[in-house]
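This report covers one site and the sheet that surrounds the discussion of it. The sequence and the structure come next.

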Amino acid sequence: MKTDIKHILGANLLAALIAFPATAALKEGALAPDFTAPASLDGKPFDYTLKEALKLGPVVVYFYPSAYTGGCNIQAHTFAVNQERFTAAGATILGVSLDSIDRLNAFSADPAYCAGKIIVASDADGAIAKAFDLQVREAGDGKKDTRGADIRHGLAERTTFIVTPNGRIAASLSGLKPAENVEQSLKAVQQLGLSPRASR
């Protein structure tokens, strides 16, 4: 799939915006907080519940600062391109940010990003990110996304959790470049050695 490089690599000025110092994210072995959140898949909103998703297998819960920003665009696109490999390893993928559900409806359907393959959830008040012990901060005035729209929501640090069906965190990945984060997430899921789900 050909992707508009301007949209993926744009907004270099946002690099400082999405750089977070290392924090004390939940560690391996910890119980992942259950949550329900408005979510979108291919532009269609619905209510997502982690507990229900875990009944079908492990879940890759990846937190990212904002839809339509350079690194987050790359990460969403890379997850979408590799979605079938995660499915083959028995896992589903969920992106979580403080974006509104309206922004996520567009982001989830856009073929350059989630491409209708990745579920993204709205954590508008940052409560889910904070429950995972992640840092949340304000975007600040005048920050714009790669479409030129104002970013009017808070930002969670980029961290990915591999959550097993028993609700435990098998891996916590942070401090990685977006594409590397996806690669390491896939390796962590494959190391679980779980077979693909019988029903989709």
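With the side chain of which residue does the side chain of Asp 99 make a polar contact at 2.9 Å?

## Basis

This is a predicted model, in which local features need pLDDT of at least 70, side-chain atom pairs count only at pLDDT 80 or more, and totals for chains, interfaces and linings use all residues. Residues are numbered from 1 along each chain as its sequence is written, and side-chain values use heavy atoms, with hydrogens and water left out.

## Asp 99

The partner at 2.9 Å is His 153, side chain to side chain. A polar contact is a pair of N or O atoms within 3.5 Å; within protein, one must be able to donate a hydrogen and the other to accept it, and residues adjacent in sequence count only if both atoms are side-chain atoms. The side chain of Ser 97 makes another such contact with that of Asp 99, at 2.5 Å.

Asp 99 lies in the loop between strand E4 (92-97) and helix H5 (101-109); helices (H or I, at least four residues) and strands (E, at least two) are DSSP runs, numbered from the N terminus. Asp 99 has a relative accessible area of 0%, so it counts as buried (under 20%; exposed is over 50%, partly exposed in between; 1.4 Å probe, protein chains only).

## Sheet

Seven strands form an open sheet with mixed pairing, ordered E2-E1-E5-E4-E3-E8-E9; two strands pair if DSSP finds at least two bridges between them. Strands E2 (44-49) and E9 (169-174) each have a single partner strand, so one side of each lacks a neighbour in the sheet. Strand E1 (residues 36-41) pairs with E2 in the antiparallel sense over six bridges, and Ala 39 stands opposite Phe 46 in E2.
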